[in-house]
Amino acid sequence: MLTFTIRRLILAVPTLLFISLMIFLLLELAPGDPMAQVPLTVPAEVKEQMRQALGLGEPMHVRFWKWIVQFFWIEPQVLIDSMFGTSFSEGDLRVISWQTRSPVMDIVVQRIPQTLWVVGTAYVVAILIALPIGIYSAYRQYSWFDQAGTFVSMVGFSVPPFFSGVLVIVIFSVNLGWFPSIYDTTHRVSDWDSFVVQLQQMIMPVMVLALQITAQLSRFMRASMLDNLNQDYVRTARAKGLSEYTVVMIHVLRNSMIPVVTVIALGIPAIFGGAIITEQVFKVNGIGQLLITAIQANDLPMVQTLTFIFAVLIVLFNLIADVLYGILDPRIRYD
Amino acid sequence: MKIKALVLGAVAGLALAPAAFAERGSDGQVNIIYWQAPSILNPFLSGGTKDVEASSMIIEPLARYNEEGKIVPWLVEEVPTVENGGVSEDLTQITWKITPGITWSDGTPFTSEDVKFTYEYCTHPEGGCAQVTKFEGVESVETPDEHTVVVTFDEPKPFPYGPFVGGESPIIQAAQFADCLGAKAPECTEANFNPIGTGPFKVVEFRPNDVITMEANENFRDPAKPAFASVTFKGGGDATAAGRAVMETGEFDYAWNLQLAPEVLAQMEEGGKGVAVAGFGPLVERLMLNNTNPDPSLGPDERSVVRPHPFLSDPAVYRAMSMAIDRPLLVEIGYGKAGKVTCNWVPAPEVYAADIEGCETQDIEGAKALLDEAGITDTDGDGIREKDGVPLKVVYQTSTNAVRQDFQALIKQWWSEIGIETELRNINASVFFGGDPGSPDTFQKFYADVQMYANTFNGTDPQSYFGNGLCDKAPRPETQWQGENISRFCSEEYDALHRTLTQTADADKRAEIGQQLNRMMFERGGMIPLVHRGRLSAHSNTLGGVVLNVWDSELWNVADWYRKEGS
Amino acid sequence: MTDRDRLVPDEGLAPGSTAVPAGAGPLEEFSDPPRSQWRDVWDQFKTHKGALMGGLLFVTIVLGVYIGPWLWTIDPTHIDIRARNQGPSLTHPLGTDQLGRDMLARMMAGGRTSVSVGITAMLLALGLGSFIGVVAGFYRRLDGPLMRLTDLFLALPLLPLLLVMMLLFREPLNAAFGPEQGIFILIVCAIGVTSWMPTARIVRGDVLALKEREFVLAARSIGTTNTKLITRHILPNVLSPIMVSATLGIATAIITESSLSFLGLGFPPDFPTWGRLLFDATDYLQQYPERVVWPGLAISLTVLSVNYLGDGLRDALDPRIRGR
């Protein structure tokens, strides 16, 4: 397994480089203009000058190479500098966003806390709710609990966040006035009271997001458990006199985890990616909102950098999932 | 009175300040929400309205427009004119006298050198300055002494108030931006995010595309202002949410540009925490008529380039199309109190607006009669009229936006009643308004027969805006599809009349020519104006001093804002 | 699932399986004709209450949106501006929208688009995902390249990808199939091509585990070809995650379609779809709550009905349950 992991990690480097090239080409090909949001009152010649100032005049391969150098060579230096107070990166041009004319990575770092708070919490909450629901629904298939769970999760999944988000805002912010409708990203948690404030502003986006994730996870958990509950080894285990708890929670669960692990591994990069619509609705302004505004403004360095970071996470977590398969089911071999 | 107080504040001191806000920072915190988040606080590098307005709380121009569109002195003692000797007789020179005693928020004095530096910064050839048109025709900016700025133009300017006037042309500090000229401009993140200004507030923290925290500028020229000690300027979300936060939940005090259905707005106002206010600039929602042939079977260099359009060039057709539209209904459905019926391309300032008959009433029968008379009838019985065998089928495109899609549906129905078939298309705004020459869906390419959008101009002088109707400004392949004459309108008379306008200095004559140009554009099939749109913003009931200004930044008088008593 | 598994062939879809006692040689399994099996499946399906209800509901929805417009003949795009924002009444059973268009007619027209897009796109994504998942899981040599392809597709930003697809294919498809058919194909492909990856990953994970199981070994040892092995033994055993993906996929496709149209990438603006009706009505949530209820309900019911259908089908196809 170790050699497999190492081999995959080495292989990840060319994969990621190829992905970054594909992303770059895709963004180049996509129609759009970084000057689209500049008002129509600014004449075309001025817009052209502004484009030149952004470096759009240079040929494609030069810009790609620049990005590669900036991202893989200069940005790590900046990181080292900020950790050890050295000055390797002095005078080097970092990856600069076209919208803000500031280093992309600084903004990303600025956005991570709120994304982790909201999307991360939603994921944890969803996993904590979904797994027990899935397990119990499968164990008592077609009981009222299962039926209710199915109903709620399917409705929850079919209602898009652009609607459910607004609905909870209207109920809890406008009518009841319990929670703020706008997330304050500058809020700092320092004591109990400020923690309560943080909870209040988190609760609605977390609710909306967790509903979606729970629905998805619990369905896969339930289906997978159902597949395994009727297997012969379960009968054997019961026949051996193992307690029902051990049978279900150890034997069946372990064998049912593969699809669930896959779904969770697919979801973790999405945590960092943020939840675009939910973040928009609640003005969380995390990474998801950063990405969508960058796409709308055609801020290519920003989009390129963000999507590349997601690509790294996707490759990484899919690798982790593959390793986990091997641990969950030792018969799975990769070499 | 307020403006005077602001300008003379440093000199006259407390005496002129209204009693309501006697002390700086006494009213605590004010929350502003813009649903488009500012991404930079240097308007020279962005040009986006959100960025210009956010930065207008921090950096200021020498003079700006007030809510009536009049120029008022801001950092200067008076507005230079020919009468007071500030503008030379030959209209090539304007002399600004800076009010003595103004300081930057870091305490250093504000001098004419800063003004000159701003000119150099923006006109640097490698800088890519978004506001460079403000300095069009400027030959030199000189500083005889530290309170005098002399701007010389290369030709007589009947309207010399381009440079350093209005929210788009503020003064930045020479000391802060000295190393940020030209290609280095984007590297100055610190300066671009935290500009030092002369305005009532200064930046504490700027989070791009998210939130700005500001606090009162302790070196502001009026010691009694601003009334608020700190500002939270949040960005992001959508107009509905912003309106809700001000009028229904009361979390925010001011929300910008709420383009919402009138009903939704009315419902929000019932929330009782705030009110919506509207102001009208020259923004007009219009239908542009393609004067060239957009037939897809034409090659890329001929499509929307060769003239004429197979049927839209017939006066009967475009007049009938205009007559079939019920403008009051459009206003009622789409804009409510933020809209007015208009048939003028430039409806404001009012002196330029022509009085066009029949604009208010829909006349389907009249439109039919007009088409019948012109011999454009339905010859093959499919319900669609033909002109010389070409059926009247139009492609009608616009950007994606709920109100615009409602308009499309309504207009499609009205046109079908007079025998014109319409295919609707909506395009992602960032593609539609983006000038990407590789995309077929930009509004400049205009690969459709009719398209709808809104446009406006800055300041109060429409001369260069009227220039958008000139023949040689039509977008075409040779110009990389750039150019402002989107409808490809072309008329020798129009071009001649516009030339006269550029040579006329007399205000009444200019107004008269403006009216004629307006009329010509409408009656000769350049466009069908639909709605004169206002800017609609909302403020909470407890926020006082808001004066909605459509000619300048909405936050132009934020120094005068205060918290109302009893709240 | 280690040593507890005895060498029992896991029959899956293998015909006549219930008749064969455990431990019997797998050889004769393949001699029976498959007819009896499908009857078994149907018998089991009939007794599944949820599946029947789901099926009934689904048929009702499909009939409603396809046959409905023949009975309810109001044009969904006809604007009657005097009758705007009306509540439910006899002339307009579901009320009217902000331009006075009949909501019932719009729901039916919207349903036709949403249901067709939802199902076709889901089938496409599912087909692609299952195929790639099974192939990657089964053939070790293809696993690497196919999974890296999946990573690539997962990483590509959705919106620019869609913009590029629109740019490249809209005109040729419009020319070949006409504007409506062309945009339908484009949207279905766009959704399908951008949403197969999770299914592929999930299916592959299961296949990796399955192919090491004893019944696969057994089948292989009697000389079953790879194709047969996949279709008869592997596929039936990964059916349940595929079914879950299918139900979730329909909901995702319907909602993705709506996001496409409000980005200006989807159907023409006067073309109602459920997702779009829901989006448009969200602004009027407080004034006319019924207007969000109809499309929201329709999407949920469709997804629920497909979910129950899938449940029933899965149970019916599972020989171990079928026997009971």
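Trainee: At roughly what angle do the axes of α15(B) and α16(B) cross?

Mentor: This is a predicted model, so local features need pLDDT of at least 70 and side-chain atom pairs 80 or more, while totals for chains, interfaces and linings use all residues. Residues count from 1 along each chain, chains are lettered from A and ligands numbered from 1 as written, and side-chain values use heavy atoms, without hydrogens or water. Helix α16(B) covers residues 507-523 (helices are DSSP H or I runs of at least four residues). Its axis and that of α15(B) (lines fitted to C-alpha atoms over the stretch in contact) come within 10 Å and cross at roughly 160°.

Trainee: So which way does α15(B) run relative to α16(B)?

Mentor: Take that roughly 160° crossing. It makes the pair roughly antiparallel (over 145 degrees).

Trainee: Which class leads where α15(B) touches α16(B)?

Mentor: From α15(B), residues including Tyr494(B), Leu497(B) and Leu501(B) meet a set in α16(B) including Ile513(B), Leu517(B) and Met520(B) (heavy atoms within 4.5 Å). With Ala, Val, Leu, Ile, Met, Phe, Trp, Tyr, Cys and Pro as nonpolar and Asp, Glu, Lys and Arg as charged, the contact has two charged, three polar and seven nonpolar residues.

Technical notes. Axes fitted to C-alpha atoms, helices over the stretch in contact; angles between N-to-C directions. Helix = DSSP H or I, 4+ residues; strand = E, 2+ residues; numbered from the N terminus. Parallel < 35°, antiparallel > 145°, perpendicular 65-115°, else oblique.
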